[in-house]
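Dear colleague,

I am handing over the structure below, and I would be grateful if you could look through it before reading my notes, which follow directly after it.

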Amino acid sequence: MAVVLGCGVATAVLAQQEPQAVRQNLMKGIGQSVGTLGGIAKGEKPYDAEAVRTALTTINTNIQAFPDHFPEGSESGMETEAKPEIWSNKDDFHAKAQKLEDVSSSLLAELPADQQGVQQAVQAIGPVCGDCHESYRVKK
């Protein structure tokens, strides 16, 4: 029984090291952070400076690591939504990630101070995310 459990744990650990799993987890963090900002922007959640800072920090940190998890050979598997164009247009893909990093860095440097500021932050982030998703993410 212990051997079976040990194999299951080892498999889970190895799966987490797969580039597809790593990039999916990074993007989930970004998505959750955008959701937090969206909730504040819509007035569904009260403005909370620490929540805004945490969300923007997660977006910034995750997008910095994100492009590094698309090695050759990871175009398929683990239900990836990555389009093949990522590998054929790496410079553009990296430039789009850099743009989100730049936007999130700028927002962190001048943290939105209220709900209206968060609305403006979401308006700045949304099109950058959408542009990359349109080019490099398979539509569900």
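Asparagine 60 touches Glu101, Ser104, Ser105 and Leu108, where touching means heavy atoms within 4.5 Å and residues up to four places away in sequence are not counted. Asparagine 60 lies in helix H3, residues 49-65, helices being DSSP runs of H or I with at least four residues, numbered from the N terminus. Because its relative accessibility is 9%, asparagine 60 counts as buried (under 20% relative accessible area, with a 1.4 Å probe and protein chains only).

Please bear in mind that this is a predicted model, in which local features need pLDDT of at least 70 and side-chain atom pairs count only at pLDDT 80 or more, while totals for chains, interfaces and linings use all residues. Residues are numbered from 1 along each chain as its sequence is written, and side-chain values use heavy atoms, leaving out hydrogens and water.

Helix H5 (residues 90-109) packs against H6 at an angle of about 170°, the axes being 10 Å apart (lines fitted to C-alpha atoms over the stretch in contact, with angles from 0 to 180 degrees between N-to-C directions). The angle therefore makes H5 roughly antiparallel to H6, a term used for angles over 145 degrees. Among the residues that make this contact are Phe93, Leu100 and Val103 of H5 and Ala121, Ile125 and Val128 of H6.

Helix H2 (residues 19-41) also meets helix H6 (residues 115-136), their axes coming within 9 Å and crossing at roughly 145°.

Best regards

Notes
Helices (H or I, at least four residues) and strands (E, at least two) are DSSP runs, numbered from the N terminus. Angles under 35 degrees count as roughly parallel, over 145 as roughly antiparallel, 65 to 115 as roughly perpendicular and the rest as oblique. Buried means under 20% relative accessible area, exposed over 50%, partly exposed in between (1.4 Å probe, protein chains only).
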